[in-house]
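Please open the structure in your viewer and keep the sequence beside it. The tour below moves from one selection to the next.

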Amino acid sequence: MTVYIGSDHGGIALKSAIIDKLTAQGIVVCNVGTDIEESCDYPDYAFKVAEAVANGKADRGIVICKTGVGMSIAANKVKGVRCALCLNTEMAKLCREHNNANCLALGAGNTDTDTALQIVQTFLTTDFSGGRHKTRVDKITAYEGSHE
């Protein structure tokens, strides 16, 4: 599995912990930045991660800012990306099972490291349920395709 990960200045420490954990598990991780604590624009990093997911370079993406909201909004502007902001493992499980989310947004200011690592693990190991959920995701994809 290949995971692309990006953060703004508010998510560097959490991103580092996630990279360490995933790398130790043998997961290929591509860090698209930022790695400096100076203020930067979160959309730049959200777009890099989301584009890697959309074009198949990444199996999944993870984006991190202080709240996770800005990153999720920006990532969801990329066609083919379904980015979910998750605050707990139940949300991570359901966004995969029901929505086939392919990108995870985290808020470094509202999620402690241990919880975030559990959310990431759940997000990466939960499969899409398909069935009635596939019909719904297909409707989203069709709508997205008809409004370019």
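How many bridges join strand E1 to strand E3? Select residues 2-7 and residues 60-65: five bridges join these two strands, which run parallel, and Val3 stands opposite Arg60 in E3. Strands are DSSP runs of type E with at least two residues, helices are runs of type H or I with at least four, and both are numbered from the N terminus. This is a predicted model, in which local features need pLDDT of at least 70, side-chain atom pairs count only at pLDDT 80 or more, and totals for chains, interfaces and linings use all residues. Residues are numbered from 1 along each chain as its sequence is written, and side-chain values use heavy atoms, with hydrogens and water left out.

Next, show the whole open sheet, whose five strands follow the order E2-E1-E3-E5-E4 with parallel pairing; two strands pair if DSSP finds at least two bridges between them. Strand E2 (28-31) and E4 stand at the edges with a single partner strand each, so one side of each is left without a neighbour in the sheet.

Then select Val78, in the loop between helix H3 (69-75) and strand E4 (83-85). Val78 is buried, with a relative accessible area of 13%, where buried means under 20% (1.4 Å probe, protein chains only). Leaving out residues up to four places away in sequence, Val78 touches Phe47, Ala50, Glu51, Ala54 and Glu144, a contact being heavy atoms within 4.5 Å. Finally, colour Ala17, which lies 61 residues from Val78 in sequence and 26 Å from Val78 in space, C-alpha to C-alpha.

Definitions and conventions
Buried means under 20% relative accessible area, exposed over 50%, partly exposed in between (1.4 Å probe, protein chains only).
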